[in-house]
Amino acid sequence: MPRLRLALGQTNPIVGDLEGNAARIVDVARRAHDAGADLLAVGEMALSGYPIEDLAARPSFLRESAEAVDALAARLHEEGLGELVVVVGHPDGPFEPRLTSSNASPSAIAQNRASVIHRGRVLAKYSKHHLPNYSVFDEYRIFIPGDELMVLRLRGADVALIICEDLWRDGGPVARVLESDASVLLVINASPYERDKDEVRVPLVTRRALESDTTVAYVNIVGGQDDLVFDGDSVVVDGKGEILARAPQYDEHLLLVDLDPPATADHPVPDYVRRVVIDLGEAPEREPLPADIAELPDDRAQLWGALVTGLRDYVEKNGFRSVALGLSGGIDSAVCAAIAADAIGADRVYGVSMPSRWSSDHSRSDADDLAERIGVHYRTEAIADLVQPVEDQLQLTGLAAENLQARIRGIILMGLSNLDGHLVLTTGNKTEVAVGYSTIYGDSVGGYAPIKDVPKTLVWELARWRNEHAAARGETPPIPENSISKPPSAELREGQTDQDSLPDYAVLDEIVEAYVTRKLGREDLIAAGFDAEVVHDVVKLIDRSEWKRRQSAIGPKVSGMAFGRDRRLPITYKD
């Protein structure tokens, strides 16, 4: 008979919504209690949402967060859930700034904590030790690191508690806390999605379990928060490396697993470890749980899920009733429209065709076809009569005249946004964002960019996958085949194609990946076999487009190096 029934709650918090997030935790606690769980853990910062950024420097917010923990403990007890042990992540403070080590910020007043709640009280708090200071993370700047480790003794077995980054550091808290002979390692996390990250995350959990011959339980939050997407994928791995339970990606989920950990010897723990003994009584008679092991979808389905989740939660959490976007008949706007429809429903998506005198017949018909396939609201607003007076008055020619068309389209979309409250989606992909292949205040207008971190070649791959996915389900493929197969073009002059001014996208994407993500220099790229002239041209475009990127809309981070917080370079820069 299992001695310990563990519950991991994947919740979707909203930053700052302390009351709403607490309600989500109470709901999952009620379901865990009804399922006979002894211990429930929810994710890192599940009470406040994550990341809180400089809210961690606001004393009033920290006081409210601390009060919310006490209120949560009281509410759980009042609703008859007090016997369930609940581990919840939250910020705590304000504290006096202090340098606890050479790795501490001298100005931080908050700690990233996990509180242990039982019978209406907060029994103990654990503070995160290792504060990430890379990629999108700024925790070193805003948090004070912890210096004490904790184990919870439940029915004779010790459960060690750590937070996210503490798991990743070799020789860190994991090694030290297991010196106390803990049987289970419980890790609460707020770990954003990245392509192929699961090829690192689950193997890490497995390695930690094998290294220590300990069951590792890893719980993550889900949902979109600004430009981050949290994918859940909570998992429990035993000391032999076998997955005992796994939650699905992107969905709020209660993951339950029965454990029978060996009893921990009753010896003193090291000075740096605090043991908290919680009396749960004898393990009740209960039927063993069936295995709950979600299957991970393939890479394209995971990526599509991240893009859909990011857009859906940005719309819903910020209170937009609908989205609007330009439909050009091209691949980028088609994929964005399909993502939007999957995210919030086609009835909340408003597509606008804005043909100019240079727009081809197939562009118009492809946009019409897309709108019909998906079922979005659709209207046509021709721009020729709007462009001509401005072009004539300012005597614009060449590139200035081309950009005017894009800016008139931007005016139309933003006008409709103001009129009807739509969130405007900008449809540029990562390749275009990299080389500045967009018109500032034109096709770059909008509040959210669904494919900002998706290279052009991957946009095509996603389009084909989404159509195949629809066909396999007996549904109408959403994206017209012609939008996928035709040469891409901005259609700002007669006969224009993207390759008039850019290398082939397959080559361009490789260079962008190597220069931006892998940080190779010009000479490194040439040595890798890329044409020297193409390298110089592309690198110059990327470097000179930083000013545009600083003004661009946010979009979901899905790669290891997204433009924005991941990559911070000066605008004024001479190489």
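A residue is called buried under 20% relative accessible area, exposed over 50%, and partly exposed in between (1.4 Å probe, protein chains only). At 36% relative accessibility, Glu 461 therefore counts as partly exposed. This is a predicted model, in which local features need pLDDT of at least 70, side-chain atom pairs count only at pLDDT 80 or more, and totals for chains, interfaces and linings use all residues. Residues are numbered from 1 along each chain as its sequence is written, and side-chain values use heavy atoms, with hydrogens and water left out.

**Salt bridges**

- The structure contains 45 salt bridges, each defined as a side-chain nitrogen of Lys or Arg within 4 Å of a carboxyl oxygen of Asp or Glu.
- One of them joins Asp 92 and Arg 113, at 2.5 Å from N to O.
- This pair links distant parts of the chain, 21 residues apart: Asp 92 in strand S3 and Arg 113 in strand S4. Strands (E, at least two residues) and helices (H or I, at least four) are DSSP runs, numbered from the N terminus.
- Both Asp 92 and Arg 113 are buried.

**Helix H13**

- Helix H13 covers residues 456-472 and includes Glu 461.
- Glu 468 forms a salt bridge with Arg 300, their closest N and O atoms being 3.8 Å apart.
- Because Glu 468 lies in helix H13 and Arg 300 in helix H7, the pair ties together parts that are 168 residues apart in sequence.
- Glu 468 is partly exposed, with a relative accessible area of 47%; Arg 300 is also partly exposed, at 26%.
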